[in-house]
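Thanks for coming. I will go through one structure today, starting with the whole chain and then moving to single residues. Please have the picture open.

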Amino acid sequence: MGKKVINFVQKRMGAAYLEERTILEVIKKGIIGRLIQWGAMSRLPITSSVRTKLQRIRGVKIGNNVFLGGGCFLDPIRPDLITIEEWVSLSGNN
């Protein structure tokens, strides 16, 4: 049953390979992670510090005094491979 659910989610998420191996991991990392990703990368009227915190929750390594504007697209598959040093400003797409 679990394998069928994993395969179903993998097809719906559009990933060639899922890191998640259990249904709980799919919920925590996959679904909740995608919601956090959507909030962090959206153009919702939230502050840069909230966007930064959301990206940190996703696994992005971010230094101090970083500005992330609305619509900044950071790798949705492997955020743990991204490092943003201190005093960086990313404006996002217009």
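Let me begin with the surface. The chain exposes about 6400 Å², and carbon and sulfur atoms supply 62% of that area. Please keep in mind that this is a predicted model. The chain has 94 residues, and buried residues make up 35% of them.

Next, the layout. There are three helices and four strands in the chain. Going along the sequence, the pattern is α-α-α-β-β-β-β. As for contacts, take those in the chain with a separation of 6 or more: residues 24 or more positions apart account for 12% of them.

Now to the inside. Which residues make up the largest nonpolar core? This core has eight residues: Met 41, Val 60, Ile 62, Val 66, Leu 68, Leu 74, Ile 82 and Ile 84. Let me stay with one of them, Leu 68. Leaving aside neighbours within four places in sequence, Leu 68 is in contact with Ser 48, Arg 51, Thr 52, Gln 55, Ile 62, Ile 84 and Leu 90. Two of those partners, Ile 62 and Ile 84, are also on the list of core residues.

Gly 69 sits in the loop between strand 2, residues 67–68, and strand 3. Is Gly 69 buried or exposed? Gly 69 counts as buried because its relative accessibility is 6%, and the cut-off for buried is under 20%. Apart from residues up to four places away in sequence, Gly 69 touches Arg 51, Leu 90 and Ser 91. Arg 51 and Leu 90 are also contacts of Leu 68.

Strand 3 itself covers residues 83–84, and Thr 83 is found in it. Thr 83 has 48% relative accessibility, so it counts as partly exposed.

Let me turn to helix 2, which spans residues 23–41 and contains Gln 37. Gln 37 is buried, because its relative accessible area is 14%. With neighbours within four places in sequence left out, Gln 37 is in contact with Arg 58 and Pro 76.

Ile 27 also lies in helix 2. At 39% relative accessibility, Ile 27 is partly exposed. A nonpolar patch on the surface is formed by Ile 23, Ile 27, Ile 31, Ile 32 and Leu 35. Together these residues have about 430 Å² of accessible area.

Last, the charged side chains. Side chains of opposite charge can pair when their charged atoms come close. How many salt bridges does the count come to? The count comes to one salt bridge. Asp 80 forms it with Arg 78, and the closest N and O atoms are 2.8 Å apart. Asp 80 is partly exposed, with a relative accessible area of 34%. Arg 78 is partly exposed as well, at 29% relative accessibility.

To recap: the model is predicted, the largest nonpolar core has eight residues, and the salt bridge joins Asp 80 and Arg 78. That is everything I have.

Methods:
Residues are numbered from 1 along each chain as its sequence is written. This is a predicted model: local features need pLDDT of at least 70, side-chain atom pairs count only at pLDDT 80 or more; totals for chains, interfaces and linings use all residues. Side-chain values use heavy atoms; hydrogens and water are left out. A salt bridge is a side-chain nitrogen of Lys or Arg within 4 Å of a carboxyl oxygen of Asp or Glu. Buried means under 20% relative accessible area, exposed over 50%, partly exposed in between (1.4 Å probe, protein chains only). Helices (H or I, at least four residues) and strands (E, at least two) are DSSP runs, numbered from the N terminus. Contact means heavy atoms within 4.5 Å. Accessible areas come from the Shrake-Rupley method with a 1.4 Å probe; for residues, only the protein chains shown count as cover. A nonpolar core is a set of buried Ala, Val, Leu, Ile, Met, Phe, Trp, Tyr and Cys residues joined through side-chain atoms within 4.5 Å. Patches are made of residues with over 30% relative accessible area and no salt bridge: like charges are joined within 9 Å, nonpolar side chains (Val, Leu, Ile, Met, Phe, Trp, Tyr) within 5 Å.
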